[in-house]
Amino acid sequence: MKTIFKGWLLVLVTVLFTLIAGQANATHGRYGHFTWTPRPDISATTVDFRLIVAYRRSYFGNPSLGGTFRPGRFYFGDGSSANYTFEVIAFNAQEDWIIGQAFVAGGDPGVVRHTYPAATKTNGEPWEAYLSGCCRISSLRNSADTSFRYSTLVDLSLGNTSPVSSVPPIVTCPRGECRFSIPVVDADNDPIRWTFTPLSQSGIRRNPTGLTIDEQTGVVDWTEGSLAESIGLYALSVTIEDLDENGEAKSSVVTDFIINLQEFVDNQPPEFDQPPSPDRNARIKAIVGQEFVLDIQASDEDLNDQVFINNLGLPSGAQWEIIAQGNPTLARLTWTPGMVNVGQHIATFTATDQKAASALQLPIIIDVIQPAISN
């Protein structure tokens, strides 16, 4: 009898430890964005997912590029799920976050492949793939310790590919001057619509007071509205939809991130120097088979500060190098795209000083095209 009791006690302790560990893991979440591409060359219901999340770096032992972590279970919406390993593709030591991309050993880099039983559910509705859990970080002003849900809707009956975005896990904004865009590329060049994710779906308790988003441009505006809120961290979830000719959504993806509302009094944030840095949301052409070089530079008016430039993940095969570290700091992206890279790619850059004051992010779109003359 004692042996049976000890056995059940061990099972109970193990279950409780797993639940507590899972919750502790989830409370360090910063960001989530899941996108997908159909693979009709494999089957009519096969899809390649790219799963991107961001978590507190120090919680996982401060991994660097190429390190791994496991944030939680991903559900495909058809009754199947998996707990993937994520590889670190970007990190920010000053703001203490890592960005990870799920992968399968032996598979294509950064790809999670799944085959659904049909193109849609039996009722014609799209599949909803998601990762959810408890809880958001405790320091959020608008949604401390609430559950989160990062999702995407997959409809394989339309021959469609989901939109793709790139936003930092933490977007730093000055109170009274907070305005930024959420960049998107779509492989099918469909019209895009940006809206706030319904609170019942995102798990956020309330959206920041006075914050708006332009449905046609994706510009988030929290200028005057931010004066009514306290400085600090705020959760925000945006749903991005690509539309058909009738304005109906073909698919949707969520980008869930944090706004850090600040008043820069004693310490000013860095700024990107333009040039050599391109303008925000610039579209730059790269040619297949030719080296593409992009310089990113940022400086800080506080002359004793150090500036740290980071990226949020680069196209496959691209190289990243810090040319000069200091104030200013110069970084360089070099890439020779191939035919497989033809299309649009988002590259987003951040600049932070040693006191964790950050510039507004710098997104650009790299449009890879074929050479004018080729064999």
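Biologist: Which residue in S27 does Ala286 stand opposite?

Modeller: Strands of a sheet pair through backbone hydrogen bonds, either parallel or antiparallel. Here Ala286 stands opposite Val368 in S27. This is a predicted model, in which local features need pLDDT of at least 70, side-chain atom pairs count only at pLDDT 80 or more, and totals for chains, interfaces and linings use all residues. Residues are numbered from 1 along each chain as its sequence is written, and side-chain values use heavy atoms, without hydrogens and water.

Biologist: In what sense do S21 and S27 pair?

Modeller: Strands are DSSP runs of E, at least two residues, numbered from the N terminus, and two pair if DSSP finds at least two bridges between them. S21 and S27 (residues 362-369) are parallel, over 6 bridges. The open sheet has 4 strands in the order S21-S27-S26-S23, with mixed pairing. Its edge strands, S21 (282-287) and S23 (307-311), each pair on one side only.

Biologist: Is Ile323 buried, exposed or partly exposed?

Modeller: Buried means under 20% relative accessible area, exposed over 50%, and partly exposed in between (1.4 Å probe, protein chains only). Ile323 counts as partly exposed because its relative accessibility is 36%. This residue is found in strand S24 (residues 319-324).
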